[in-house]
Amino acid sequence: MAILVTARTMALIESETAPERVEMHAEHHPQLAHHFESMEQQREAGTLGMWWFLLTEIMFFGGMFLAYTVYRHMYFSAFAEGSNVLSIWWGTFNTAVLIGSSLTMALAVFHAQTGNAKKTTLFLLLTIFLGLVFLRVKYIEYSDKFAEHVFPAGAFEWPTHEAPAGPHNVGDLLLMLTGFEATHEPSVTQQGLPVKVTTNHAEAGPYYGVAGPIPEEIENPSNAGHVRMFFWLYFAMTGFHALHMIIGIGILLVLAVQAWKKKFSREYHSYVELTGLYWHFVDIVWIFLFALLYLVDRHP
Amino acid sequence: MSSATAIPSEIADVQWNGERLNYLNNGHGLKSWLLTKDHKRIAILYLISVSAFFILGGIFALLIRINLLVPQGEFPADTYDRLFTAHGVIMVFLFLVPAVPAILGNFLIPIMIGAKDLAFPKINLLSWYIYMLAGVILLYAIFAGGIDTGWTFYTPYSTSYSNSNVLLAGLGIFVAGFSSILTGINFIVTIHTMRAPGMTWFRLPLFVWAHYATALVIMLATPVLAITVSLMAIERVTHVGIFDPAMGGDPVLFQHMFWFYSHPAVYIMVLPAMGIVSELIANLSHKNIFGYKFIAMSSLAIGIFGFLVWGHHLFVSTQSVYLGLAFSFLSYVVAIPSAIKVFNWTATLFKGSISYDTPMLYGLGFIGLFLIGGMTGLFLAALGLDVQVHDTYFVIAHFHYVMVGGSLMGFLGGLHLWWGKMTGREYPEYWARAAMIIQFVGFNLTFFPQFILGYLGMPRRYASYPPEFQVLHVLSTAGASILGIGLGITIFYLLWSLKRGKRAAANPWGAPGLEWRTTSPPPTENFYETPVVTWEAYEFAPIETMEVLGYPGDPGRPTQPVHAEHGTED
Amino acid sequence: MSEHIVSKKTYYTVFLALLAGTALTVVMAFVNLHNWNIVVALLIAGAKASLVIAFFMHVKYSSKLTKMWVAVGFIWLFLLLAITMTDFLTRAWLVYKP
Ligand SMILES: [Cu+2]
């Protein structure tokens, strides 16, 4: 009996050393992780995972969009005041820049799909460049706001003068972007153009249950506290957006190096694709931020 | 009890548990564990760390109960605040949320669907490290000064007045959220793309369905918590008035955002436990589960409806009464899918050949206690009654019946059901049953008096109380001690079984799931060949046909090692 | 599911459409539409976002499942916004007016 058991044990141990299983896929791509059966499955998993990550991002920004909606509803005129001193010129310019970067990203994916390593690298670098331009403009806008003391934390001053007009021509723009020309000229506008106060929207009353619209004469013409609400939202939303841009640029840099080293091929390029999805998502967030932050009650 | 002991047990033991290569002995040393990408090893890492946090949270619970032994309280009030906050934060964010998904889900989902691993093994490991980072941050916040806001962090107290580690705690929760999001992504993608050939959606074990629904909830709810604590932190640092009514902000907005996460989080905690209960009720009744599709779909329904009821936590805030009515109604609606599950489990038990082993005891305990927790939840969902019992011990008792009676019972039941699968060793049945009964008694003695206390008007989070409540409080503390002893016994014998327990068989319960068709413990890639599923979920077949798939042993021999205790049905 | 390669021409067309949308939304912001300004702005933003999602992110060519998840994301965002706003819009209704 004992011999029988021993023999069986030996047989079992022996069989352990045999290859565990027959590989089901004959062509084993070097980039195929061991736990996937095929490149197809691996790609599908990556795409689905990225989409779900983006869904969490929607909800993450969603919390701020919620705060924006609530406070815009409560303090519409203050939001209009705040929005009107943002530079619509820079805002529009940046929107165009980001849309352009989405285009270059899409083209980078295209060239990755068709296996053109050189062009993939080129368009990844272009995307990075446009992303950096966006951040540079954001920096200009932020420093304007700091200089005017409309940063919500610390000494917040309101009313402020109107927004800087932005560059006058292309040369001007280049000088501003490269930092050779000052972007902020306080002397010109420091007198302060009167800040427009809307009256067609009564300041929302429901807070703590005050019913009905507040009569217009009580409305505070410079509701500094509530403009502050607009500005913390502006800085929080654009700040988190910029943070996503910075992370995106970091990833793109790594990808550009890898693309240069011909890591990607027709069969294997999902990292480029997935980063593309992320980058386009960041673009979409900006499309909404632009409409919600820069365009409130602009009309005369 | 069956007498079909055809194979001498020592042969069976050798066959399955000689020095067979498995995930536990495939690599040794700390490094092989800390750098592992094997979902099973990561599950074990989670098991160790989550258990440690659970014990710590339990110690805080006992300190709370000690304080409440006497009407004036044993500790100063602000110490007491820190105690219950520590208990809440640890139990919610470091135990209840990750417990079942990150341990049992992590271990079992790939095996149950016939995959070699989760879709993103590196992300899986990363999620554990992030979890540990969150744990370290939260522990530091708790022990270096403490947090006194309660686990809900209501503003403006948390942002303007609290003189404790709110920022660190917020950071810890943010980080912990990342960890559960990564786990959630992994589950969704794995269940979608990694199923074995033949494993259709309606052949998935209900455990997998429950985790799928849980993952959806995690992914859609957790980011909102992340932004909520971020805004809370920004407000605390800058005082720009985000949630401060003095500056135009609205603290109720914080509550909306917080409960948009935290109510669904209840389902993150309880849905996986429901999945476990489905498994152990079916497997230990040796009977196909009743109403498979209803249970599967009710998981999704709970997940979705769970998002529509958060306002029942705001009935006494300034929330609109009209919205309150809607929330009240929807909270009743969400009870329906939960009830469907309970009915189906009961129907499964009916005429089943039930083995009253420990997992089954936990399953029955779950059903009973969750029923009480759920029904008292309806009391609280009723707008009028909630105004009376809001923020009293009635609420405390209610959610402990759901969280401890539901999640913890489910978790322990699952841990016992799959203990042999995970560790290769059996737990001692006698001690396990005894511990379960002690826990059950202790639990009820702890929390049932709290229903009465709450109904009589004892508010939550108070360090002292009128003397007439003392009898009930002492009963509750006595119950907590018994519960603590029961849990201590479990921890002790589980550790003991690692060295001294009997070798576990591949399929001790005669169950049909894929995880029972591999060895205990499984090999690193889970199976010896990619399984091809040709049977329905819970299709109980004659036990000889449920062999270990592709095991390179003797294929002709019946692979079902039998020992007398877990006999098959006659 | 084999991957679909979108042509360069499509990308450039979408890019031009997005630029046009941007121009349009800025122009419309300066026209007084009273309460409808925000609606127009959001409609244009939504259209631009849809273009990016459909073409740049290849959702038009993706499986139904992907399309569903994208929808789920926006539906959940809508739930969060709509239900919470219901509170703020109806809070004042019952209050006693002196
Ligand atoms: Cu709730």
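1. B:Leu494 is buried, at a relative accessible area of 7%. Here buried means under 20% relative accessible area, exposed means over 50%, and partly exposed lies in between (1.4 Å probe, protein chains only). The model is predicted: local features need pLDDT of at least 70, side-chain atom pairs count only at pLDDT 80 or more, and totals for chains, interfaces and linings use all residues. Side-chain values rest on heavy atoms, without hydrogens and water, residues are numbered from 1 along each chain as its sequence is written, and chains are lettered from A and ligands numbered from 1 in the order in which they are written.

2. Where does B:Leu494 sit? Its place is helix α18 of chain B, residues 470-500. Helices are DSSP runs (H or I, at least four residues), as are strands (E, at least two), numbered from the N terminus. Setting aside neighbours within four places in sequence, B:Leu494 contacts B:Leu415, B:His416, B:Trp419 and B:Tyr427. Contact means heavy atoms within 4.5 Å. B:His211 lies 283 residues from B:Leu494 in sequence and 25 Å from B:Leu494 in space, C-alpha to C-alpha.

3. Now the salt bridges. Over all chains, the whole structure holds 10 of them. The criterion is a side-chain nitrogen of Lys or Arg within 4 Å of a carboxyl oxygen of Asp or Glu.

4. B:Asp250 and C:Arg91 form a salt bridge, 3.0 Å from N to O. This pair crosses between chains. B:Asp250 is in the loop between α8 (206-238) and α9 (251-285) of chain B, while C:Arg91 is in the segment after α3 (64-90) of chain C. B:Asp250 is buried, at 1% relative accessibility. C:Arg91 also counts as buried, at 9%. A network of salt bridges links B:Asp250, C:Asp87 and C:Arg91.

5. B:Arg433 and B:Asp357 are also joined by a salt bridge, at 3.0 Å, N to O. Why does this pair tie together parts that are 76 residues apart in sequence? Because B:Arg433 lies in helix α17 (residues 429-456) of chain B, and B:Asp357 in the loop between α12 (335-349) and α13 (358-381) of chain B. B:Arg433 is partly exposed, with a relative accessible area of 32%. B:Asp357 is buried, at 4%.

6. Within chain B, B:Lys40 pairs with B:Asp38 in a salt bridge. The closest N and O atoms are 3.1 Å apart. Are these two residues buried or exposed? Both B:Lys40 and B:Asp38 are buried.
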